[in-house]
Amino acid sequence: MLALQAVDTLTPCPCGNHTGYTRCCGPLHDGGIAQTAEALMRSRYSAYVLKREDYLLATWHPSTRPASLKLTAQQPMPTWLGLNVKQHQQEGEHATVEFVARLRYGGGKAQRMHEISRFVREQGRWYYLDGRFPE
Ligand SMILES: [Zn+2]
């Protein structure tokens, strides 16, 4: 995949981790297991940046998963500007991650997307359930 090879050399990882893509979200995109809901959330953010719709759907819980996201057909196309994870809480097989993502549509102004996402772990794998927007 062209987009992936192009980003392999980039530091930091699209999610903002300074260890770089190949040591952060890359292994998860290749089928690795996220140890925490926060790691999964970061890898899903990176998947939005890289338009890895397959990964986003695979890590979405079947009970809430949309049929498709049509990321490459989005108009205007979002440009993701950064991720800030504010809080991560886990209780057993359930977790929430609060984050602020910054993005811009087309040539528009940068905006903040503040979300509290819910995750559930099944058979050792975390899945995104849904999110709410506190502001
Ligand atoms: Zn990452």
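Does Gln-87 count as buried or exposed? Gln-87 counts as exposed, because it has 10 C-beta neighbours inside 10 Å. Here is the rule: a residue is buried if 20 or more other C-beta atoms lie within 10 Å of its own, exposed if 12 or fewer, and partly exposed in between, with C-beta atoms placed from the backbone.

Some ground rules. This is a predicted model: local features need pLDDT of at least 70, side-chain atom pairs count only at pLDDT 80 or more, and totals for chains, interfaces and linings use all residues. Residues are numbered from 1 along each chain as its sequence is written.

Now, confidence. pLDDT is the predictor's confidence in each residue, from 0 to 100. The protein averages 92. Of the residues, 93% score at least 70. Among the elements, helix H1, residues 2–8, has the lowest mean pLDDT, 53. Strand S4 has the highest, 98. A word on these labels: helices (H or I, at least four residues) and strands (E, at least two) are DSSP runs, numbered from the N terminus.

What does the record say? An unreviewed UniProt entry carries the annotation "domain: YchJ-like middle NTF2-like" over residues 36–131. UniProt positions are in the numbering used here, feature names are shortened, and annotations may be inferred rather than shown by experiment. In the model, that span is 21% helix and 47% strand. Its end C-alpha atoms lie 17 Å apart.

On to the sheet. It is open, with four strands in the order S1-S2-S3-S4, and the pairing is antiparallel. The edge strands are S1 (78–91) and S4, each pairing on one side only. From one strand to the next, the twist averages 30°. Two strands pair if DSSP finds at least two bridges between them. Strands of a sheet pair through backbone hydrogen bonds, either parallel or antiparallel.

Take S2 and S3. S2 covers residues 94–105 and S3 covers 111–122. They pair in the antiparallel sense over ten bridges. Ala-95 stands opposite Phe-119 in S3. Five residues sit between the strands of this hairpin, where Gly-106 takes a positive phi near 55°.

Next, S3 and S4. S4 spans residues 125–132, and the two strands pair in the antiparallel sense over seven bridges. Which residues face each other here? Phe-119 stands opposite Tyr-128. Arg-121 has Trp-126 as its bridge partner. Ile-116 has Arg-132.

Gln-123 counts as exposed, because it has 5 C-beta neighbours inside 10 Å. Glu-53 is 70 residues from Gln-123 along the chain, and their C-alpha atoms are separated by 22 Å.

Back to Gln-87. It lies in strand S1. Glu-98 is eleven residues away along the chain, and the two C-alpha atoms are separated by 5.0 Å.

One more strand residue: Leu-129, in S4. Leu-129 is partly exposed, with 18 other C-beta atoms within 10 Å. Leaving out residues up to four places away in sequence, it touches His-61, Thr-64, Arg-118, Phe-119 and Val-120. Contact means that the C-beta atoms, placed from the backbone, lie within 7 Å.

Last, helix H3, residues 37–50. H3 lies across S1, S2, S3 and S4, running at about 165° to S1. For that angle, axes are lines fitted to C-alpha atoms, for helices over the stretch in contact, and angles run from 0 to 180 degrees between N-to-C directions. How many residues of H3 are buried? The count is 14 of the 14, so H3 is largely enclosed by the rest of the structure. At 1.5 Å a residue, the 14 residues should span 20 Å, and the end C-alpha atoms are 20 Å apart, which agrees. That expected span is 1.5 Å times one less than the number of residues.

Conventions
Two residues are in contact if their C-beta atoms, placed from the backbone, lie within 7 Å.
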